[in-house]
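Hi everyone, thanks for coming along. Let me put the model up on the screen, and then we can walk through it together.

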Amino acid sequence: MSVMPVRVLWLVSALLVLLLLAQPVGTSIQLEMSLCAIGLMALLWLFGRGRLGRSVFLAIGSLVVLRYLYWRLSSTLPPMSDALGFGAGVVLAAAEVYCFYILMVSLVVNADPLARAIIPSGDDDALPTVDVFVPSYNEDRHILATTLAAAKALDYPAEKLTVWLLDDGGTDQKCADADPNKAREARTRRVALQELCAELGVSYLTRRRNLHSKAGNLNNGLRHANGEIVVVLDADHVPFRSFLRDTIGHFACDPKLFLVQTPHAFLNPDPIERNLRTFDRMPSENEMFYAISQCGLDKWNGSFFCGSAALLRRAALDEAGGFSGITITEDCETAFELHSRGWTSAYVDKTLIAGLQPETLSDFIGQRSRWCQGMLQIMLLKNPLFKRGLKPIQKLCYLSSMTFWFFPVPRLIFMIAPLLYIFFDMKIVVANVDEAIAYTATYIFVNLMMQSYLYGRVRWPFVSELYEYVQGLFLIKATASVILSPRKPQFKVTAKNVTLDHDQLSPLALPFFVVFAILLAAGGVSTYRYLFEPGVTNLMLVVGLWNGFNLITAGAALGVAAERAQTERMPSLAVDRRAVLTLNGLAVDVAVERISGERCRIRMDAIVPMRRSTDSNVGALSVPPREGLPSHVARAAIPVRLTGMTAAGEETVCELDFERLPTDAYFVLAELMYSDADAMVRFQQRRRKHKNLLAGSLQFVLWGIVGPARAAACLLKGRPAEQPADVPQAEIVLPRSVSLHRRLVDGGQPDAAGPVDTVAPVPPARARQPEAEPEDGTASWLRLMLDVENAALARDRRRAADRGATPQPSAG
């Protein structure tokens, strides 16, 4: 069947459905129809499979939503004779129409997201040349060294890979600042980063003036680089080793492809995750966008550049005059311009970088304000509806991404609306309780079902409402300012790696307290009026429940404003990497289980090379030799200090703190922490467990109850007194030796050193007494090697027994 008849058939079917939905029915019939729809959706959820089941599920839910919207606009607006009530009613209805629009667009975009397969990179000789741009402004040396070393170590032919540090913090303009302190700081930074880049084999580049912020910095890089592909990495977005191998192949398949975007994933929680303690068990807020929405956009050639973790074709950038810089979101603006020129994009849904999120609520809100203003700038200055070159579906995709950022306005309206009825008896919705149940309650439930069906594995129930409320109180101002003056917003760098060493109230907490107090008072008034005021109908109960939901949301937001101290100064990642620990002249093969930029946890056989009282707990961690390992990585090592040991069966788990890292040690850090992209994937998948509506609702209510109590406790406690600088810090005495307890292989009897399986942690404040040594101070290294062999053989026998196999003795 040709395209035109199909379109006509769809149009006629849609008109018939709309006519059917407009037919008047009684309230009881409406309730029965909605309940039947909910039942059918539940059956399809349980037993429906494939695209057909998914489409029917969403179609039935959409019919319920459309029926509610028709009733809401045709039957519930106050009479025009009540000018104030009618005006407020129209505003509330407009907010609901906006939510309906966002829902419908999300269904169109995300109903059948594209799952794009990884395309092999192909023969090395045919690979394009690549420039990796790492734009920087004020990031510290450790962050930059980690990212640059990992970029330099990407699995790609070295002669075709150039890494650039684009330093906007050491420009000529900053080095000549009128403030001598700022000028000195900029010059010091420039010299230090030039030395760092020289030691890492990275190209350093700065410019004369800080024009057009990040877009100008990237364009300055384009003027000096000549690679066929440009990779953009934020300074705190560290790539995994396979980043290029898993993405570069797409460019060979499509000569018009200008962009390959990959997800942004983070090692640290955002302020909401940290303060609610959900980072290890709940999908991050950004995962809904990167795991669902970008895949949906990709189906319509609408996935866009997100500023980092992306590859762009140099020829396309040259055609468009480089990165666009009219707005403060140069990433989406650049993709917008290139899509309009006929170029295509691709989204690879595999996590290939690990980044950092803002630590404080203030920085989080600042980041989201920039996103909000930038997307609204594009809409106001380059409206997708009137952009030539874009297909209608691409216009809808971009419009949905931009208009989403109006969400603070309806959120504020939904917060205020019940207060008008509770405090002023202003009826802005004409409906009774039966209608509220038949239409509104069923609509809300169906909406929740569709949201959970589409996004349940990456978004818990009501979490979107919490994030939008937390941001909305502050983005209202950002939204208004960009509407009044679209060209006024300026690019501001988001602070990262900020340390919170104690619990505290956020400086932004006051509005959360004020709103919570108003909603709490409204709850008390509504309860009193419903119970004791004559003439008050059951509608007050419905409005009171509406206000109660707002109160729970505001209570959970208070818990977000009560910021918790960081548990890790530098975020860590669970890995499974082989390494070599050199300690007291003996090299021991170890397994790295968890690692950050300042420490790691390793596992080894229960033989620790610390036998004498004079042994040191300072050593080095290096990468075991293997074919293809670059020589500069093979020669490098991380200086470490052994700070703790615990038993794990026949093995020992050790905690190692890193000493100050020499520059070449960052290659070892990159090899151990960022060689296996699946480590980050595993962490994300562990959190992606579907949260049903009941469990999600109970969790949300719990946050709403606990949040105000935590915020009040922080308010009463105040800021802890700072310790005087002249008070000496207590010195931590680290262990210098350890008694070894092991099971003998030949008989299972405990040896003379102690009882079986009693290897205990070494207290950090007091070391165990060393074992007796020969009077000449020499150690029995032969016995030490036998201990290692025996422990390994015992471990192999135990593991083989678990598998039902017979272990073979090792050679030699």
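Helices (H or I, at least four residues) and strands (E, at least two) are DSSP runs, numbered from the N terminus. What you see is a predicted model, where local features need pLDDT of at least 70 and side-chain atom pairs count only at pLDDT 80 or more, while totals for chains, interfaces and linings use all residues. Residues are numbered from 1 along each chain as its sequence is written, and side-chain values use heavy atoms, with hydrogens and water left out.

Let's start with the open sheet. Seven strands line up as β3-β2-β1-β4-β7-β6-β8, with mixed pairing. At the edges sit β3 (203–205) and β8 (344–347), each pairing on one side only. From one strand to the next, the twist averages 20°; angles here run from 0 to 180 degrees between N-to-C directions, and axes are lines fitted to C-alpha atoms, for helices over the stretch in contact. Inside this sheet, β1 (residues 130–136) and β4 (residues 229–232) run parallel and are joined by four bridges.

Now for the barrel. Which strands close it, and in what order? Six strands do, in the order β12-β13-β14-β17-β16-β15, with antiparallel pairing. Here the twist averages 45° from one strand to the next. Helix α22 (residues 665–673) packs on this sheet, touching β12 (573–583), β13 (586–595), β15 (618–622), β16 and β17. Nine bridges join β12 to β13, and L583 has L586 as its bridge partner in β13. Their hairpin has two residues between the strands, and N584 takes a positive phi near 55° there. A hairpin of three residues then leads from β13 to β14, and V592 stands opposite I602 in β14. Further along, β16 (residues 638–648) and β17 (residues 651–658) share eight bridges, with A648 opposite E651.

On to the helix pairs. α18 (residues 463–484) and α19 (residues 509–532) cross at roughly 110°, their axes coming within 11 Å. That makes α18 roughly perpendicular to α19; angles under 35 degrees count as roughly parallel, over 145 as roughly antiparallel, 65 to 115 as roughly perpendicular and the rest as oblique. Y469, V470, L473 and F474 in α18 meet P511, F512 and V515 in α19. By class, that contact has seven nonpolar, no polar and no charged residues. For the classes, Ala, Val, Leu, Ile, Met, Phe, Trp, Tyr, Cys and Pro count as nonpolar, Asp, Glu, Lys and Arg as charged, and the others, Gly among them, as polar.

The second pair is α14 (residues 361–381) with α15 (residues 392–403), which pack at about 135° with axes 8 Å apart. That angle makes α14 oblique to α15. Their contact has six nonpolar, two polar and no charged residues.

Conventions: Pairing = 2+ DSSP bridges. Contact = heavy atoms within 4.5 Å.
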